[in-house]
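Take a moment with the fold before reading on.

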Amino acid sequence: MAKFYLIRLEGMKCGNCAKKVGDSLKELPGVQAVRFVSPERKMAAIQCNDGSGDQQQPIDLEALKKLIEDKGYQFVEVTEVEESALNQQASSSSDGCSVQ
């Protein structure tokens, strides 16, 4: 079963920033997918392993925070959400800077 997280961060200004954040998040162990990254809304959303199963590694939220800060952005918070809430956030992302 997957877990879903909304990440709030400061410092993204454009589509290139969104791509940089999205590409970095994809490399983080435990991340299955980057659902969207929105500079306009200062947020990203990811789908992660829940850590169950033989080959699944859960996401390390401290590593997530460090990754964002190491890329030059300010980590604000991360919140676990239901998939339906994440889908609602993704569908209202209208800035054209989504990464999937």
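E77 is partly exposed, with a relative accessible area of 35%. This is a predicted model. Which residue does the E77 side chain meet in a salt bridge? The partner is R8, at 3.3 Å from N to O. R8 is likewise partly exposed, its relative accessible area being 32%. The pair links distant parts of the chain. E77 sits in strand 4, R8 in strand 1, and 69 residues separate them.

Now step back to the chain. Its elements are 3 helices and 4 strands. Along the sequence they follow the pattern β-α-β-β-α-β-α. Of the 100 residues, 40% count as buried. Take the contacts between residues at least 6 apart in sequence: 72% of them join residues at least 24 apart. The accessible surface comes to about 5600 Å². Carbon and sulfur atoms account for 43% of that surface.

In what order do the 4 strands stand? The order is 2-3-1-4, in an open sheet with antiparallel pairing. Strand 2 and strand 4 (74-81) stand at the edges. Each has a single partner strand, so one side of each is left without a neighbour in the sheet. Neighbouring strands are turned by 20° against each other on average, direction ignored.

Follow the pairings. Strand 1 (residues 2-10) and strand 3 run antiparallel, joined by 7 bridges. Here I7 stands opposite A44 of strand 3. Two helices pack on this sheet. Helix 1 (residues 15-27) touches strand 1, strand 2 and strand 3. Its direction makes about 165° with that of strand 2. Helix 2 (residues 61-70) touches strand 1 and strand 4. The angle between the directions of helix 2 and strand 4 is about 145°.

Strand 2 (residues 31-38) is mostly covered, with 6 of its 8 residues buried. It is joined to strand 3 (residues 43-49) by 6 bridges, again antiparallel. V34 stands opposite I46 in strand 3. The two strands form a hairpin with 4 residues between them. In the turn, K42 has a positive phi of about 55°.

K42 also takes part in a salt bridge. Its side chain meets that of E10 at 3.4 Å, N to O. E10 lies in strand 1 and K42 in the loop between strand 2 and strand 3, so the pair ties together parts that are 32 residues apart in sequence. Buried or exposed, or in between: where does each fall? E10 is partly exposed at 32% relative accessibility. K42 is partly exposed too, at 38%.

A further salt bridge stays within one element. D23 pairs with K19, their closest N and O atoms being 2.7 Å apart. Both lie in helix 1, 4 residues apart, about one turn of the helix. D23 is partly exposed at 31% relative accessibility. K19 is partly exposed at 47%. In total, the structure holds 5 salt bridges.

Finish at N49, in strand 3. Why does N49 count as buried? Its relative accessibility is 13%, and buried means under 20%. The N49 side chain makes a polar contact with the side chain of Q32 at 2.7 Å. Leaving out residues up to four places away in sequence, N49 touches M1, G30, Q32, Q56, Q57, P58 and I59.

Conventions. Residues numbered from 1 in each chain as written. Predicted model: local features only at pLDDT ≥ 70, side-chain atom pairs only at ≥ 80, totals over all residues. Heavy atoms only, no water. Buried < 20%, exposed > 50% of the residue type's maximum accessible area, 1.4 Å probe, protein only. Contact = heavy atoms within 4.5 Å. Areas by Shrake-Rupley, 256 points an atom, 1.4 Å probe, with all protein chains shown as cover. Pairing = 2+ DSSP bridges. Axes fitted to C-alpha atoms, helices over the stretch in contact; angles between N-to-C directions. Polar contact = N/O pair within 3.5 Å; in protein donor to acceptor, adjacent residues only side chain to side chain. Salt bridge = Lys/Arg side-chain N within 4 Å of Asp/Glu carboxyl O.
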